[in-house]
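User: I am new to reading protein models. Can you take me through one, feature by feature?

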Amino acid sequence: MFEQLVSSLSGTLVFANLVAMVVSTAAGIMVGALPGLSASMGVALLIPFTFTMDPLTGLLCMAGMYNGAIYGGSIAAILINIPGTPGAVVTTFDGNAMAKKGEGRYALETAVICSTVGGVASALALMFIAPYLAALALKFGPAEYFWISVLGLSTIASFLSGSTVKGLFCAFAGLFISTVGIDQISGVFRFTFDNMYLMEGFPEIVVLIGLYSIPEVFTMLEEVAAGKTAAANNFLLEQATNKEEKRWTFRQDFKASIPTWTRSSIIGIVIGMIPGAGSSIAAFISYKEAKRKSKNPDNFGKGEVEGIRASETANNAVTASAMIPMLTFGIPGNVVTAIMVGGLLIHGLHPGPNLFIKEPRIVYGLMWGMLLTNFIMLTLGYFGARFFAKCLKMPTVILAAAIAVLSTVGTYSLNNSMFDVYSMLCFGVVGLVMRKMKLPIAPAVLGIILGPLAETELRRALMIADSPIEIFTRPLSFFLFLLTLLSLFYPVFKARFAARGTKA
């Protein structure tokens, strides 16, 4: 493992890869800073443009976009009280209050430094935990992979949707979409309606771009039509980026931050390895723990810098650790890594333990990329906060048009097919309807990504087994089955306990 890590570093540090990491990280910060955009949409838009790149270069671009966007969400959260990404919701609690007190630059510097600490801790966890889990995953059979896939779907449906019923409904919809095309076991055509374009099914990236990008375009245009704007309060922006007196200092802030960095990094890494949990949950738990440990808990929510330290460290500690289940088992840890699975597949790479054996250069190179892009993010964020804050002034109409053009060009470039563009637009309408009906998109995405794996491994397990009961009775399969039941019924138990607590 250590030999592969060292040997892959030289390949990662070539000039083209360094340029790709710098440009993608800067683009990611801008995507995260713009309210309404997200890391998942940024990565989905980026993937088609990496098709002609070397696989490692393309993955490093995704790593830069991912890390940059997660941090970038704190810029809008601090300056205009609008979280640029879901994980930055907790940052608004104290970040905007600090900006209003004239400490906006101190808050921005704290955010980027804490984001880097959390991201570096997460990348180191990816480097030293993933290879051992990959060795364990090599012992898995078809039944275990089937239950791992179902566990990933169930946790996403339960944790991210707010409603288990809605989450499962969307997950099954994604599973149905994944069945379109040629059956991988029997070779039978399914739901193609004699259309040659459907024989290989819907490309994952086409579906992802449609579900995430097009609904955002319609939402932005609706805001413009209603007279709303996504532009920031210019006065607050100028105040927060030009007139601060207080700055982050090594002597005072470093020592005070160590306990929070340690605690929040551990929380973020552990939460990131749980499929479906995500940065929002990590940030909330870390913020709650910081408040509980604080000597001045009443200051939280009123401009307490400890709140920013906790939330930003935790939500960035999720980034690389969410790749651990993706690279070792092929099960994405969150929505962004689910989209990155599509990026791997585009380059002919299949996530799982065999990837460590067949393509160690790319796997360990991606790990180095997740580490290095954090330091690039630190440099760009610390010295370029004023520039990225100006992105908030971009007119909504121009931003919506740019997203629409990038979505169309990126989709067409995959196969030079207008059918893909039409499919993307259709899924965009579906995504818009889901957003209006408040149906979660993440479970549907996981259904599309994990559907083929779950179906294929289940059928292989049944073909090998003497009895269908064997897929439940194998020790590891039974354990994963119990975890799946727990993830499905956890929201029910939680709601009942909450109801009892309210009555009491």
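User: Let me start with one residue. Which helix does Ser423 lie in?

Analyst: First, a caution: this is a predicted model. Now the residue. Ser423 sits in helix H20, which covers residues 418-436.

User: Is Ser423 buried or exposed?

Analyst: Look at the relative accessible area. Under 20% counts as buried. Ser423 has 7%, so it is buried.

User: What does Ser423 touch, beyond its neighbours in sequence?

Analyst: Skip the residues within four places in sequence. Ser423 is then in contact with Phe202 and Val206. Gly210 is 213 residues away from Ser423 along the chain, yet their C-alpha atoms are separated by 7.9 Å.

User: Let me try another residue. Where is the place of Ala320, and what is its relative accessible area?

Analyst: Ala320 is in helix H13. Its relative accessible area is 0%, so Ala320 is buried. Leaving aside neighbours within four places, Ala320 is in contact with Ser122, Ala123, Leu126 and Met370. Val120 is 200 residues from Ala320 in sequence, and their C-alpha atoms are 8.6 Å apart.

User: Now the whole chain. How many helices and strands are there in its secondary structure?

Analyst: Count the elements. The chain has 23 helices and two strands. Then check burial. Of its 504 residues, 56% are buried. Then check contacts. Take those between residues at least 6 apart in sequence; 80% of them join residues at least 24 apart.

User: How many of the twelve residues of H15 are buried?

Analyst: Ten of the twelve are buried, so H15 is largely enclosed by the rest of the structure. Among them are Val335, Ile339, Met340 and Leu344. The buried set also includes Gly342 and Gly343.

User: How many residues of H3 are buried?

Analyst: Eight of the eight residues of helix H3, residues 39-46, are buried, so H3 too is largely enclosed by the rest of the structure. They include Ala39, Met41, Val43 and Leu46.

User: Next, pairs of helices. At what angle do H5 and H13 pack?

Analyst: Read the angle between the axes, then their distance. Helix H5, residues 91-100, packs on helix H13, residues 305-321, at about 135°. Their axes are 8 Å apart. Angles over 145 degrees count as roughly antiparallel. H5 and H13 are therefore oblique to each other. The crossing is left-handed.

User: Which residues of H5 meet H13?

Analyst: Thr91, Asp94, Gly95 and Met98 do. On the H13 side, their partners include Val305, Ile308, Ser311 and Glu312. The residues of this contact divide into three nonpolar, five polar and two charged.

User: At roughly what angle do H2 and H17 cross?

Analyst: Helix H2, residues 15-33, and helix H17, residues 360-383, cross at roughly 60°. Their axes come within 9 Å. H2 and H17 are therefore oblique to each other. Their crossing is right-handed. H2 contributes Met21, Val22, Thr25, Ala26 and Ile29 to the contact. The H17 residues include Leu372, Ile376, Met377 and Leu380. This contact of H2 with H17 divides into eight nonpolar, four polar and no charged residues.

User: What is the phi of Lys438, and where does Lys438 lie?

Analyst: Lys438 has a positive phi of about 60°, although it is not a glycine. It lies in the loop between H20 and helix H21. At 68% relative accessibility, Lys438 counts as exposed.

User: Which residue just after H15 takes a positive phi?

Analyst: Gly348 does, with a phi of about 75°.

Technical notes:
Residues are numbered from 1 along each chain as its sequence is written. This is a predicted model: local features need pLDDT of at least 70, side-chain atom pairs count only at pLDDT 80 or more; totals for chains, interfaces and linings use all residues. Side-chain values use heavy atoms; hydrogens and water are left out. Buried means under 20% relative accessible area, exposed over 50%, partly exposed in between (1.4 Å probe, protein chains only). Helices (H or I, at least four residues) and strands (E, at least two) are DSSP runs, numbered from the N terminus. Axes are lines fitted to C-alpha atoms, for helices over the stretch in contact, and angles run from 0 to 180 degrees between N-to-C directions. Angles under 35 degrees count as roughly parallel, over 145 as roughly antiparallel, 65 to 115 as roughly perpendicular and the rest as oblique. A crossing is left-handed if the near helix is turned anticlockwise from the far one by less than a right angle, and right-handed if clockwise. Contact means heavy atoms within 4.5 Å. Ala, Val, Leu, Ile, Met, Phe, Trp, Tyr, Cys and Pro count as nonpolar, Asp, Glu, Lys and Arg as charged, and the others, Gly among them, as polar.
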